[in-house]
Amino acid sequence: MFRTDLLKGKKALITGGGTGLGKSIGRRYMELGAELVICGRRKEVLEETAEELRKELGGKVSIFSCDVRDSAAIDTMMTEIWKTGPLDILVNNAAGNFIARAEKLSARAFDAVVNIVLHGAAYCTLAAGRRWIEAGHKGSVLSIVTTAAMTGSAFTMASAAAKAGVIAMTKSLAVEWGPKGVRLVAVAPGLFPTEGAWDRLYPAGSQVQAQELGVPARRYGQHIELANLCSYLVSDEAAYITGESVIIDGGRWMQYVGGPSNRAMQDWTDEQWDAMRK
Ligand code: NAP
């Protein structure tokens with residue numbers, strides 16, 4: 001759906017780009033001509049992904065083993081990245097999340113999630129933004145959030161709160177850095193199967209009703225659908241969009257807001273509707 005040179009000449013860093021959605025977004029950026037940089041904590045995973053993408057697409061991929069909770073490590077990574085030219089795109093994608101009853105959550109467990117999701121995104125954004133502003137270089141930041149940031153989410157309170165903070169950061173800096181040529185946007189995916197999210201949020205035996213049935217579109221999202229949206233939003237074609245969060249979830253979050261009766265009515269037969277009318 002895009003010109004194949006949509007992101008040509010752009011250098012993009014994707015945090016947590018070694019796995020899952022970050023990897024799919026990175027693959028699409030490369031297909032569209034971008035030079036890719038990925039970071040995460042596990043070096044072997046990053047090496048494997050970089051090798052796979054290089055073989056598949058023949059482009060340039062660099063890796064950095066970096067924990068986004070560590071602002072000094074991020075600064076060192078950014079300095080290294082900038083040695084071969086400035087970044088153009090930052091994707092805050094790294095995250096941690098797990099299910100727990102809030103009253104059983106330790107301060108440490110809460111910090112673990114907030115430090116990756118909110119602090120990590122803020123440290124990366126500030127490290128890139130500072131450099132862009134100093135050099136008068138245009139840049140865009142895309143943060144992967146979640147619909148739980150808008151609705152809240154029982155049993156994953158820390159993640160919902162941290163992602164809501166990322167949206168507030170996106171809006172704040174869109175205004176503050178707009179005159180300096182830095183754009184910030186967010187994307188809130190619904191259900192996109194990845195090993196990481198499924199292991200943590202829908203473990204076997206958790207008796208969760210088939211999740212895809214809870215989506216008005218009656219299916220999970222495809223990685224390419226998300227990757228295309230993320231490509232458009234960081235491209236120059238989206239230069240007038242900033243501070244915005246785009247939901248891509250097949251209508252799931254509105255159904256939750258509407259309540260369970262909305263969900264049931266989708267499957268009513270004509271007879272049920274007739275009975276209701278009577
Ligand atoms: P995933 O494969 O588990 O991705 C998480 C990535 O973050 C991993 O590559 C992980 O690598 C990295 N990471 C975690 N902690 C880190 C840290 N401290 N420093 C650096 N990197 C770190 O899960 P995913 O489903 O693709 O999730 C990607 C993003 O989409 C997340 O922001 C998630 O909240 C969001 N999301 C996903 C869904 C979905 O349905 N999949 C729905 C809504 C939102 P290491 O462990 O090697 O560090």
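An oxygen atom of the ligand is placed 2.8 Å from an N or O atom in the side chain of Lys163. The protein covers 91% of the 880 Å² of accessible area that the ligand has on its own (Shrake-Rupley method with a 1.4 Å probe; for residues, only the protein chains shown count as cover). This is a predicted model, in which local features need pLDDT of at least 70 and side-chain atom pairs count only at pLDDT 80 or more, while totals for chains, interfaces and linings use all residues. Residues are numbered from 1 along each chain as its sequence is written, and side-chain values use heavy atoms, with hydrogens and water left out.

- The elements that give two or more residues to the shell around the ligand are α1 (20-31) and α7 (195-201); helices (H or I, at least four residues) and strands (E, at least two) are DSSP runs, numbered from the N terminus.
- Helix α7 supplies the largest share of this shell, four residues.
- Thr19, Arg41, Arg42, Asn93 and Thr194 come nearest among the 27 residues around the ligand, where a residue is near a molecule if one of its heavy atoms lies within 4 Å of it.
- By class, the shell comprises 13 nonpolar, eight polar and six charged residues (Ala, Val, Leu, Ile, Met, Phe, Trp, Tyr, Cys and Pro count as nonpolar, Asp, Glu, Lys and Arg as charged, and the others, Gly among them, as polar).

**Further ligand distances**

- A polar side-chain atom of Arg42 is 2.7 Å from an oxygen atom of the ligand.
- For Gly16, a polar backbone atom lies 3.3 Å from an oxygen atom of the ligand.

- Arg131, in helix α4 (residues 107-135), counts as buried because its relative accessibility is 17% (buried means under 20% relative accessible area, exposed over 50%, partly exposed in between; 1.4 Å probe, protein chains only).
- The side chains of Arg131 and Asp75 make a polar contact at 3.4 Å (a pair of N or O atoms within 3.5 Å; within protein, one must be able to donate a hydrogen and the other to accept it, and residues adjacent in sequence count only if both atoms are side-chain atoms).
- Gly221 belongs to the loop between α7 and α8 (223-234) and is buried, with a relative accessible area of 17%.

**Nonpolar surface patch**

- Met265, Trp273 and Met276 make a nonpolar surface patch of about 290 Å² (residues with over 30% relative accessible area and no salt bridge; like charges are joined within 9 Å, nonpolar side chains, namely Val, Leu, Ile, Met, Phe, Trp and Tyr, within 5 Å; a salt bridge is a side-chain nitrogen of Lys or Arg within 4 Å of a carboxyl oxygen of Asp or Glu).
- Trp273 lies in helix α11 (residues 270-277) and, at 39% relative accessibility, counts as partly exposed.
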